[in-house]
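This report covers one protein chain, shown below.

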Amino acid sequence: MAALSVFAEPAQAQTTFIKADNTTSLNLAGSYTANSTVPTSLDTIQVDTTLTASRTSALGGNLSINALTFNATQQFQISNTANATLTI
């Protein structure tokens, strides 16, 4: 009798990236409070009360995310970057 084993790669967990209180482009790790990596198509960018003033950040380059959420008292704008696409 033969044994059958099936191995699957673990699914990548969704991460919420909190927008830092800065104007750093969204395609750079420095744009987020964790400051370690950038969101992927599985992740959410959260704009919240971390912002202490109205901010504008450029997209900076192509970026694919799962969601963009707002829970902020300040205004946040994403400015256009030539030839770059934000996919949600």
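Arg55 belongs to strand 3, which spans residues 55-58; helices (H or I, at least four residues) and strands (E, at least two) are DSSP runs, numbered from the N terminus. With 22% relative accessibility, Arg55 counts as partly exposed. On this scale buried means under 20% relative accessible area, exposed over 50%, and partly exposed in between, with a 1.4 Å probe and protein chains only.

Gln75 is 20 residues from Arg55 along the chain, and their C-alpha atoms are separated by 6.5 Å.

## Basis of the model

The model is predicted: local features need pLDDT of at least 70 and side-chain atom pairs count only at pLDDT 80 or more, while totals for chains, interfaces and linings use all residues. Residues are numbered from 1 along each chain as its sequence is written, and side-chain values use heavy atoms, with hydrogens and water left out.

## Strands and sheet

The chain has zero helices and seven strands, in the sequence pattern β-β-β-β-β-β-β. An open sheet of three strands has the order 1-2-5 with parallel pairing. Strand 1 (16-18) and strand 5 (67-71) each have a single partner strand and stand at the edges, so one side of each lacks a neighbour in the sheet. Direction ignored, neighbouring strands of this sheet are turned by 25 degrees against each other on average; the axes are lines fitted to C-alpha atoms, for helices over the stretch in contact, and angles run from 0 to 180 degrees between N-to-C directions.

Strands of a sheet pair through backbone hydrogen bonds, either parallel or antiparallel. Here two strands are taken to pair if DSSP finds at least two bridges between them. Strand 2 (residues 44-48) pairs with strand 5 in the parallel sense over five bridges. The bridge partner of Thr44 in strand 5 is Ala67.

## Aromatic pair and nonpolar core

How many aromatic pairs does a search of the whole structure find? The search finds one. Rings of Phe, Tyr and Trp (its six-membered ring) pair if their centres lie within 6.5 Å; planes under 30 degrees apart count as stacked, over 60 as edge-to-face and the rest as tilted. Phe17 and Tyr32 form an edge-to-face pair, at 5.5 Å centre to centre with 75 degrees between the planes. The pair links distant parts of the chain, since Phe17 is in strand 1 and Tyr32 is in the loop between strand 1 and strand 2, 15 residues apart. Phe17 counts as buried at 7% relative accessibility, and Tyr32 is buried with a relative accessible area of 2%. Leaving aside neighbours within four places in sequence, the contacts of Phe17 include Tyr32, Val38, Pro39 and Ile45.

The largest nonpolar core has 11 residues in all: Phe17, Leu26, Tyr32, Ile45, Val47, Leu51, Leu59, Leu63, Ile65, Phe76 and Ala84. A nonpolar core is a set of buried Ala, Val, Leu, Ile, Met, Phe, Trp, Tyr and Cys residues joined through side-chain atoms within 4.5 Å. Leu26 sits in the loop between strand 1 and strand 2 and counts as buried at 2% relative accessibility. Beyond four places in sequence, its contacts include Tyr32, Leu59, Leu63 and Phe76. Leu26 and Gly61 are 35 residues apart in sequence and 8.1 Å apart in space, C-alpha to C-alpha.

## Exposed loop residues

Asn35 lies in the loop between strand 1 and strand 2 and is exposed, with a relative accessible area of 51%. Asn35 is not a glycine, although its phi is positive at about 55 degrees. Asn83 is in the loop between strand 6 and strand 7 (86-87), counts as exposed at 81% relative accessibility, and has a positive phi near 60 degrees.

Thr73, in the loop between strand 5 and strand 6 (76-79), counts as exposed at 66% relative accessibility. Thr73 and Thr49 are 24 residues apart in sequence, with 6.2 Å between their C-alpha atoms.

## Chain totals

Of the 88 residues in the chain, 26% are buried. Among contacts with a separation of 6 or more, 47% involve residues 24 or more positions apart. The chain exposes about 5700 Å², of which carbon and sulfur atoms supply 50%; accessible areas come from the Shrake-Rupley method with a 1.4 Å probe, and for residues only the protein chains shown count as cover.

Definitions and conventions. Contact = heavy atoms within 4.5 Å.
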